[in-house]
Amino acid sequence: EVLEYRDQRVAEMGLHLVVASVPEALASGLVHESPDGMRNRIQTPVLLDAVEKYRFDALFGGARRDEEKARAKERVFSFRDDFGQWDPKNQRPELWSLYNGRHHPGESIRVFPLSNWTELDIWHYIAREALPLPSIYYAHEREVVDRDGMLYAVNEFFHARSGEERFKARVRYRTVGDASCTAAVRSDADTVEKVIEEVASTRVTERGATRGDDRVSEAAMEDRKREGYF
């Protein structure tokens, strides 16, 4: 649903789309599938390869500080060295919303304009501006399995293990990441207003509720960001 929405928006706005593809990187040997089948970690070398290939000075991301504790350590402008790596102890001050984008060739800046927003802020903005979204963000029926207390959709990138029961559930996605590690939540929120009501009452962030890759270790996100992850 997300890829269809992306392609539709690209066509509507006449944009030039550059895709750094994990499947293509697997086929070329740039990265290799991990034993657990989780593809999140192998996105990083694919991203860094694209940054180097196209010589990007700055890359915009949609991350927010309330997603995960490692995100809360980051600034709106996040400096990355010539290996694409992040050092949380070497961050530039951002006084009075003044940003320092200086960097040498090969270095880059990750920019997070929504850093100070919350998930609820995002949904209020979507409601105010009547923004269209992929249907995956709203409640719908999907075939899932319950793994470690999270509902993962069964698809070509995520298969039920021996002993796991596949069943239909009414769910929605609070965040959309790699299908190998992103789970859905039970929900009947099929309108913006219902989503806002649901988000306002939850006490768990969307990543905390739905991202298996963040449960690998206490510092999973920070470790990936040090390697160059968004």
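The questions and answers below concern salt bridges, a surface patch and a sheet.

Modeller: This is a predicted model, in which local features need pLDDT of at least 70 and side-chain atom pairs count only at pLDDT 80 or more, while totals for chains, interfaces and linings use all residues. Residues are numbered from 1 along each chain as its sequence is written, and side-chain values use heavy atoms, with hydrogens and water left out.

Colleague: How many salt bridges does the rule count?

Modeller: Side chains of opposite charge can pair when their charged atoms come close. A salt bridge is taken here as a side-chain nitrogen of Lys or Arg within 4 Å of a carboxyl oxygen of Asp or Glu. Under this rule the number of salt bridges is 14.

Colleague: Arginine 64 forms a salt bridge with aspartate 66; is arginine 64 buried or exposed?

Modeller: The closest N and O atoms of arginine 64 and aspartate 66 are 2.9 Å apart. The classes rest on relative accessible area: buried is under 20%, exposed is over 50%, and partly exposed lies in between (1.4 Å probe, protein chains only). Aspartate 66, at 28%, is partly exposed. Arginine 64 has a relative accessibility of 7%, and therefore counts as buried.

Colleague: Which residues are linked in a network with Arg170?

Modeller: Aspartate 188 and arginine 170 meet in a salt bridge of 3.1 Å, N to O. That pair links distant parts of the chain, 18 residues apart: arginine 170 is in strand β6 (residues 167–172), and aspartate 188 is in the loop between β7 (185–186) and α5 (192–201). Helices (H or I, at least four residues) and strands (E, at least two) are DSSP runs, numbered from the N terminus. The network of salt bridges joins Arg170 to Asp188, Asp190 and Lys194.

Colleague: Which strands stand at the edges of the sheet?

Modeller: The open sheet has 4 strands in the order β5-β4-β6-β7, with antiparallel pairing. Each edge strand has a single partner strand, so one side of each is left without a neighbour in the sheet; these are β5 (150–153) and β7.

Colleague: Which residue stands opposite arginine 170?

Modeller: Two strands pair if DSSP finds at least two bridges between them. Strand β4 (residues 140–147) pairs with β6 in the antiparallel sense over 5 bridges. Opposite arginine 170 in β6 stands glutamate 141.
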